[in-house]
Amino acid sequence: MTVDGLPLGIFSQDTLNEFAALPKTVQQQVRKAIQNACPDGKADVSKLPQGSIADIHDVQMHMPVRVGDFADYSCSLEHVKNAGRIIVNDARPPPAFFNFPIAYQGRASSIIVSGTDVERPLGQYRDKSAAADPKPIVYGPSRAVDYELEFAAIIGKPLAMRQRVNAVDGDEHIFGFVVLNDWSARDIQGYEMVPLGPFNGKNFGTTISPWVVTLDALEAFKTQGQKPVIDIPRHLQDPELKTYAIQMQVEVLTGETATVTGTSWVQSMYWSPRQMVAHAASAGAALRTGDVLATGTVSGEGDNAKGCMLELTEGGSKPFKLADGSERAFIRDGDVVRMTAVAGEEQSGVGFGECVGKLVPSRLD
Ligand SMILES: O=C(O)/C=C/C(=O)CC(=O)CC(=O)O
Ligand SMILES: [Ca+2]
Ligand SMILES: [Mg+2]
């Protein structure tokens, strides 16, 4: 078995020499792949040279699947409560939140693989800095680019139109999972989304990690999710409450400095991936191989468990201090956002590789 040509298990001196000759950026990805592929620690990763975090975004990885449709849910109760409180001063979840996992349709062709730069989008939004009242609508580069830390299921076995599936059988259709960054321009999104939902504010780039971690690999990490607080229809019921114990993390990288801005858990979300599958098919829609169903922002309780800057900075009003001393209301050009996830323990668990993207300036020509 090989990972990018590097044999797993015992590394010969020849192999180590070959590895040492690779660019640092490639070494970093290879090392991560080995760690992911050898969660039992048989490969002696410590023997491999260290790479620089600043190099990561230069690596060109490949899309793990050809994405069909893309839906993004909002499964975290903490996220919707925080977002509601910050945006409309009402922490009550949206009306349907407890009835079914709510979602919007995203743009499949905007899904890009980890390592691809993301350009600051252009769009129309209310100019908060203007003195005029009401504030005018302007067109230009977004001033509020955010990330959203998400977990996403990739559909394997397809489901025909009108076939439908119950949550308890939903896993049959999930091939595996990736980490996903639902990049969001809060100003563009905020003005456009009433009443039809997000569009250009979220279609300028959605980054996914390049390794699909299969359902089988996660079986050892299954755990119980959240109990429904109201009665739900049979197709959404799951007496097992099956989800996975997975810790997710997001960092903002500025030069050589990495700042962890959020740590949260898949199992804390109110709705589970198999319930997302059941809901997606419940009206009669088909599921196709390669479709992506993302969980929505994974946030938990407490200040350290916020999955986006909107929550972290109270909508940009309370800038967050990074480890290099600089402050961020939202993401700045040149910042790199790195997301990771691990099922089980950091050293012995199953890693998901990295979901990395660098924000680059808008092209104005
Ligand atoms: O309703 C809002 O104010 C915001 C909606 C979203 O940002 C959609 C979304 O991506 C939800 C999520 O990630 O949980
Ligand atoms: Ca989202
Ligand atoms: Mg998106």
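**Entry 1: the ligand shell**

A residue counts as near a molecule or strand when its C-beta atom, placed from the backbone, lies within 6 Å of it. Before using that, I noted that this is a predicted model, where local features need pLDDT of at least 70, side-chain atom pairs count only at pLDDT 80 or more, and totals for chains, interfaces and linings use all residues. Residues are numbered from 1 along each chain as its sequence is written, while chains are lettered from A and ligands numbered from 1 in the order in which they are written.

Which residues surround ligand 1? I found D72, S74, H79, A83, I87, Y104, E148, D182, S184, P198, G296 and T297. I sorted that shell into 4 nonpolar, 5 polar and 3 charged residues. For the sorting, Ala, Val, Leu, Ile, Met, Phe, Trp, Tyr, Cys and Pro are nonpolar, Asp, Glu, Lys and Arg are charged, and the others, Gly among them, are polar. Helix α3 (residues 77-88) gives the most to the shell, with 3 residues. Helices (H or I, at least four residues) and strands (E, at least two) are DSSP runs, numbered from the N terminus.

**Entry 2: the annotated residues**

I checked the UniProt record next: its unreviewed entry has a "binding site" annotation covering Q189 and T297. UniProt positions are in the numbering used here, feature names are shortened, and annotations may be inferred rather than shown by experiment.

Are these two buried or exposed? Q189 counts as buried because it has 23 C-beta neighbours inside 10 Å. T297 is buried too, with 31 other C-beta atoms within 10 Å. The cut-offs: buried takes 20 or more other C-beta atoms within 10 Å of the residue's own, exposed takes 12 or fewer, and partly exposed is in between, with C-beta atoms placed from the backbone.

Q189 lies in helix α4, and T297 sits in the loop between β19 (292-294) and α7. I looked up contacts as well (C-beta atoms, placed from the backbone, within 7 Å). Leaving out residues up to four places away in sequence, Q189 touches S184, P198, G201 and K202. With the neighbours within four places left aside, T297 is in contact with residues including H79 and E148. H79 and E148 also turn up around ligand 1.

Most residues other than glycine have a negative phi, and most peptide bonds are trans.

The D133 to P134 peptide bond is cis, with omega near 5 degrees, and P134 is in the loop between β7 (122-126) and β8 (137-141). Another cis bond joins V194 and P195, with omega about 0 degrees; P195 is in the loop between α4 (186-192) and β13 (206-208).

L241 has a positive phi near 50 degrees and is in the loop between β15 (222-224) and β16 (242-244). It counts as partly exposed because it has 17 C-beta neighbours inside 10 Å. E314 also has a positive phi, about 50 degrees.

**Entry 3: strand β23**

How many residues of strand β23 (residues 350-360) are buried? I got 9 of 11. Strand β22 (residues 336-343) pairs with β23 in the antiparallel sense over 7 bridges, where pairing needs at least two DSSP bridges. V337 stands opposite G357 there. The two strands form a hairpin with 6 residues between them, and G344 in the turn has a positive phi of about 80 degrees. Strand β6 (residues 118-119) runs parallel to β23, joined by 2 bridges, and E119 stands opposite V360.

Methods. Two residues are in contact if their C-beta atoms, placed from the backbone, lie within 7 Å.
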